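Here is a short briefing to read alongside the coordinates. It is grouped by topic.

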Amino acid sequence: MPLSRLAIALAAAVAFAVPASADDAETRALATAETLVEGAHGALADPGLSDAARADRLRAAVSSAFAFDIWERFLLGDRGDALSAEQRGEFRARLPGFLAHLYANQFGKGLEDKPEIQEARPARKDTLVRARIPRANGKALPVDWRVRDFEDRGALVIDVMVGGISFLVLKREEFASILDDEGPDGLLSFMAENSL
Amino acid sequence: MGQEWAATAVEAWVARAARHPQVALALLGALAVLAVLALTRLGIDTDSRRMLAPDLPFQTRAAALNAAFPGTKNQIAVVVRSARADPADAAVSALAEVLSGAPGIEAVFAASADAYFQRAGLLYLDRRVLEDRLTRLTKSANLLAGLRADPTLGGFLAALGEAERLAERADIPDEALAGLQTEAAAVFDAALDARPRRFAWASALGGSAQVLRVLTLSPTLDFSRPNPAREAMRAAEAAIAALDPAIAAEVEIGLTGDPILRAEELRSVAATMPLSLGLSVVLVAAVLWTALGSPARMGLALGTLALTLLLTTGFAALAIGDLNLVSVAFIVLMVGLGIDFAIHLLLHLEEDAQRLPPAEALARTGRALGPALVLTALSTSAAFLAFAVTDFVGMAQLGLIGAAGVLIAFAVSLTVIPAAIGLRPRWIGGQGPRPAWRTPDPPRVMVWAALALGLGAIPLAAEMRFDADPMGLRDPNARSVQVQDWLAQDPDRAPLRLSLLVGSAAEAESEADALAVLPEVRSARWLGALVPTDQAAKLELVDIAWPSLDFAVGGEAVPLAEDLPRTPLALAEALSQTPAAAQLAEALRRWEASGLPDAAIEARLFAYLPALVEQLAAQREADEVTAEDLPPALAARYRSGAGPDALYRVEIVPEADISTPAARRAFVDAVRAQAPAVAGPPDQIEGAARTVARAMAEASLLALALTAVFAFVAVRSLALVAAILVPVALAGAVTLAAGVALGLPLNYANVIVLPLLIGIGVDTGIHLALRTERSAAVFATATPRAAAASALTTIGAFATLALSDHRGTASMGTLLAIALVTAVAMAFALTPTLARLAKPTERPDMSR
């Protein structure tokens, strides 16, 4: 446990300490992905944790690695104007838990082996970090973390992709449908039901 | 006094021609040779813009527009229409490749095949549409990657099976896969039935419906040919014919644009000419045989007409040079009027020859008919000169040629016929004595009926308009016209648009903003408006989708499900029960049962996949664009020149369909109220309609006034002048009213009817009025027969044009028949009665 916290600290230090360049951005993106995977795997694979503690740790790992403002802006799009300030605040509050739940749902099975970070490659102004997440059937699922390098906040995840399919785009479509059909309260209820 | 002078002069002239026939004919022969030599100077200018005075305001505006943007008017549009985007894009790409650098083609532009639009095309979509498109593509990324890696039937079935499985797992509605499944079912069905159909990936994934693509060709124009763009047209037709049959079977391709429309217009005019000509020969022969009674006399009348036409054409060559589409119709005019003198002369001679030897009959006919012939020649010629002073250049040329032609016809008839009779005296007689017509004068009821009809027609006649839209002349079934309609059905591609020239981008933007808010305006485009709007938000959407696009183009597919179906039956069993899935399952079972090899379907399934991958590869590179990034061919349509001298064009697209005159006028008036300097085809059409309508009304009134003056000077009787002109005016009203009732507006082709009606009507009126003045029973004389024969000859010669597919030509044939029948009928019904209102004079009866 102290070792993984040390790794996170080291990775974060590396991410903030070096000047910007493509290679550096990839290095920081790799570090962010590594941190996320470490934290998330630690939370999901530790049999000694209670459900509440597991949720807390996973939410913390997601919170430290995800750029929620990007997720919020893109998930809501124009339809975000339909949310009141209060609803918007609730949305923000629920987003980390929702994404943590999404993470657990998609990658929380077959965790006997630790996910493996493989490579980083540029994706326009961002970096795609390829990870192989072991599955229950013994095979590995290739996952791409899309990481953006923010000047003030370091490298943060703005999308997760499997087989080229963007979670951000899928969830945006899903949120739009809920907002159109059920309004902001329906969306907030949906997030509450699917949140850690 | 005037009539006596004319009688003496004509009597002396015909006597001299009969006494010295060789000399007379030799002189005319020499003139004919000169006319033939002059024909080398004759040309035809098919540019309808030059039919109106160039200094008219709308003409100067159009000239300025054409000078600044010369390329837009003469471009050829290759229009591709298809139910699916993939074959349409494949056709455009193939044609663009073949036609780039082809002989006769200077430039090729197709937005769908242009690198700029390949890259930035997504930015031109509405934001919601873009979002939907990108979401679909994102969800299809793994499917596309799998298909790229395994372009086999098994790979295709597995990809669909996986999509089905994932949709089920994610609780995505079954309809989400309906596009792919429906398309797949259609392709399998088509393969089984040996029908052409390839899997349209872009349409199935993008959800696009019927598409219209346009490939624009800038042809090299050779105006020495009737079809200046012939080489480009042939190259385009050859390229279309050589298109991959599998692509061609799924698209409709047509050529349109000004050069093509004109070429097909000429073709449609010529198409029914043999039939019209054959019928005309039969009808004219029948009329002349009935009227003149012998082949020799028919030949004499036709020979006189031919010589008249030749000399008049020679005059046109020397006086005008290049005829236009209206003035070239002088041939119609001269057939109608040229044969008139000959028939009147021959029938009068025949009448006198029944009682007198040829020489005396010639002298008597010359004396009796002379005043009428001189008066008809002078008054008709003066009437035509009235048309020569209008801004309607086409009609002005026609008026000048007609004025000279009538005098030529008069001189030729009075020379050739006496000379021929001098050589062959037996030609003077026809069929011998003929029965007199049933009644000496028309019954009163006919007079009142004619008056009622003529006066009653005036209100409807007042509604006649001039349609200056060249599309109104063309054969609606011509391919180029139909293709033009394809474009017109898409409001954003409607061909009739206005343009405003301004001196700066800022001015263009300001004018466009002001015009765009008008209810009659759909959009006002300028160079800056071609740059996509809301780029930041759209680029963010593209940016988010970028990894998905990148994965679809180059990623390695991820197996997201196991035990996927790789045979048709296996997939058929795995599919859900939605209508689209059931349709696909049925098609797959039929395919399995057919035993056809996989290769037979694989070619169809994957033919368009590389194009989609290529398109996605380009779209993934979308980035912010400015006006400087626009393709030069596109920018050149909106900006002419560079630097401070650059001119900017604001293109104004109508909200409504402006193919109807009322809608067009409303659009032009509304835009002009905001921007008085606006120019372009709708402005020209409206301006031309107003100018021509005014010119024709003024010229017709002036023609009738001049005729009245000549007639009054000659006959010194208001009643006789009325007897000549009232029937002409009423016939004009009836003809115009009939045109309105039949939906035949005046146009550049049929407007010839008005001067012809005046010419034939005045001629008939003069002959009948003067004969009535001297004869108790005018219908027992040869004059009405001659008038009827003259009109029927013209009708027989040109009414057959009503059979033409070309609407302008057909309307000319119809209106011409109506006009001439009405003119002669009105004269027969009214002129004798009105002429008898004249006080008895002491003039000698020179007719008997």
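**Backbone, cores and contact**

Ala194(B) is exposed, with 7 other C-beta atoms within 10 Å. The model is predicted.

- Ala194(B) is not a glycine, yet its phi is positive, about 60 degrees.
- Ala194(B) sits in the loop between helix 9 (178-192) and helix 10 (201-206) of chain B.
- Arg124(A), also a residue other than glycine, has a positive phi near 55 degrees.
- The loop between strand 1 (116-123) and strand 2 (126-134) of chain A holds Arg124(A).

**Helix 18 of chain B**

- Helix 18 covers residues 393-423 of chain B, 31 residues in total.
- At 1.5 Å a residue, helix 18 should span 45 Å, and its end C-alpha atoms are 43 Å apart, which agrees.
- Of the 31 residues of helix 18 of chain B, 27 are buried, so the helix is largely enclosed by the rest of the structure.

**Nonpolar cores**

- The largest nonpolar core has 164 residues.
- The residues with the most contacts inside that core are Leu346(B), Ile752(B), Val753(B), Leu816(B), Ala819(B) and Ala823(B).
- Leaving out residues up to four places away in sequence, Leu816(B) touches Val753(B), Leu756(B), Phe798(B) and Ala799(B).
- A second, separate core has 150 residues, including Leu76(A), Leu122(B), Ala200(B) and Leu612(B).
- In soluble globular proteins, nonpolar side chains tend to be buried together.

**Val143(A)**

- Val143(A) lies in strand 3 of chain A.
- Val143(A) has 22 other C-beta atoms within 10 Å, so this residue is buried.
- Beyond four places in sequence, Val143(A) touches Phe107(A), Ala131(A), Ile133(A), Val160(A) and Val162(A).
- The C-alpha atoms of Val143(A) and Lys109(A) are separated by 14 Å, with the two residues 34 apart along the chain.

**Contact between chains A and B**

- Chain A gives 17 residues to the contact and chain B gives 20.
- On the side of chain A that touches chain B, strand 3 (140-150), strand 4 (154-162), strand 5 (165-166) and helix 6 (167-193) each supply at least two residues.
- That side of chain A has nine nonpolar, three polar and five charged residues.

Conventions: Residues numbered from 1 in each chain as written. Chains lettered and ligands numbered in written order. Predicted model: local features only at pLDDT ≥ 70, side-chain atom pairs only at ≥ 80, totals over all residues. Core = buried A, V, L, I, M, F, W, Y, C linked by C-beta atoms within 7 Å. Buried ≥ 20, exposed ≤ 12 C-beta atoms within 10 Å, placed from the backbone. Contact = placed C-beta atoms within 7 Å. Helix = DSSP H or I, 4+ residues; strand = E, 2+ residues; numbered from the N terminus. Nonpolar A, V, L, I, M, F, W, Y, C, P; charged D, E, K, R; others polar. Expected span 1.5 Å × (residues − 1).
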